[in-house]
Amino acid sequence: MLEFDKETNVAFILYEAYRQSQGGTSLKREIYPSLYQFGITIPNMGFTIHQYVLNGESPVLFATGTVQQAEMFLPQIKQLLNGKEVSYIVVSHIESDECGGLPVFLQEYPNAKILCSEIGARELPGYGIKAEIIACNSETTVKDDHVEFQFIDYPAEFHLQNGILAFEKKSGILYSADLFLRFGEGADQCMDLEWEKEVASLTEQSVANKEKLVKLKEDLMEINPSFVAVGHGYCLKVR
């Protein structure tokens, strides 16, 4: 029989975090005007996994979470939206906490448009995703009467996967996915930071390629976010 260490096995830890989060406790938090944070904390690691809903006239879901997270948070999101449909789902890169819950949300909101990287637009149909998918890069603008997105090319993770960061210009919110990751009890917590210093602090530990890191920093300094919604850890109030 295959055995594993329950203290270190990521799949088991995620499942336990999901299971322990059951029981009617509301995990919905308005962390910034009209921006609601959903998430779990992985026990024994001090590691949070966040998803967000920008609740406006064109509601936006930033990251779906895993299937289990999507199933857990969907009832709260439906209650929050009060009959409105999700207009956009932002997928930074192809990873279970970013897009694993797409089937759950698309079953409920089949008309939602998926905003993802070019490689994501090629990969998602191979996972059976049937929806309108918009391939985005730094030259792409997506907007309607209520939201306007600018995108930054993001070489995600240690494998430098082609990904995106999404800056919603009308609210000043940047969804940063795994960038600016911090360990700690980050649920419903923010840090006040200077944008220039925070960008300058990024190292090759975040983007493992010097040239790509330099380009990412240059692109980040071209925007002026007021709030950074992180995928993990503490959100950033920018001054």
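Strands E13 and E14 form a hairpin with four residues between them, and Gly233 in the turn has a positive phi of about 95°; strands (E, at least two residues) and helices (H or I, at least four) are DSSP runs numbered from the N terminus. This is a predicted model, in which local features need pLDDT of at least 70 and side-chain atom pairs count only at pLDDT 80 or more, while totals for chains, interfaces and linings use all residues. Residues are numbered from 1 along each chain as its sequence is written, and side-chain values use heavy atoms, with hydrogens and water left out.

**The hairpin and its surroundings**

- E13 and E14 (residues 235-238) pair in the antiparallel sense over two bridges, where two strands are said to pair if DSSP finds at least two bridges between them; Lys237 in E14 is the bridge partner of Phe227.
- E13 also pairs with E11, here in the parallel sense over four bridges, and Phe227 in E13 is the bridge partner of Ile173.
- Strand E13 (residues 227-230) is covered on both faces, with Phe227 and Ala229 buried on one side and Val228 and Val230 buried on the other; buried means under 20% relative accessible area, exposed over 50% and partly exposed in between, for a 1.4 Å probe and protein chains only.
- In a regular strand the side chains alternate between the two faces of the sheet.

**The seven-stranded sheet**

- An open sheet with mixed pairing is formed by seven strands in the order E1-E2-E3-E4-E5-E6-E7.
- Strand E1 (29-32) and E7 stand at the edges with a single partner strand each, so one side of each is left without a neighbour in the sheet.
- Neighbouring strands of this sheet are turned by 30° against each other on average, direction ignored; axes are lines fitted to C-alpha atoms, for helices over the stretch in contact, and angles run from 0 to 180 degrees between N-to-C directions.
- Strand E6 (residues 113-117) and E7 run parallel and are joined by five bridges, and Leu115 stands opposite Ile134 in E7.
- Helix H2 packs on the sheet, touching strand E2 (35-42), E3 and strand E4 (60-62), and its direction makes about 160° with that of E2; contact means heavy atoms within 4.5 Å.
- Gln76 is found in helix H2 (residues 67-81) and is buried, with a relative accessible area of 13%.

**Aromatic pairs**

- A search of the whole structure finds nine aromatic pairs; rings of Phe, Tyr and Trp (its six-membered ring) pair if their centres lie within 6.5 Å, and planes under 30 degrees apart count as stacked, over 60 as edge-to-face and the rest as tilted.
- One of them is the tilted pair of Phe47 and Phe183, at 5.1 Å centre to centre with 40° between the planes.
- Phe47 lies in strand E3 (residues 47-54) and Phe183 in the loop between strand E11 (173-177) and strand E12 (190-193), so the pair ties together parts that are 136 residues apart in sequence.
- Phe47 counts as buried at 13% relative accessibility, whereas Phe183 counts as exposed at 53%.
- Tyr52 and Tyr175 form an edge-to-face pair, 6.2 Å centre to centre with 65° between the planes, and this pair links E3 to E11 across 123 residues.
- Tyr52 is buried, with a relative accessible area of 0%, and Tyr175 is buried at 1%.

- Asn137 lies in the loop between strand E7 (132-136) and strand E8 (141-143) and is buried, with a relative accessible area of 19%.
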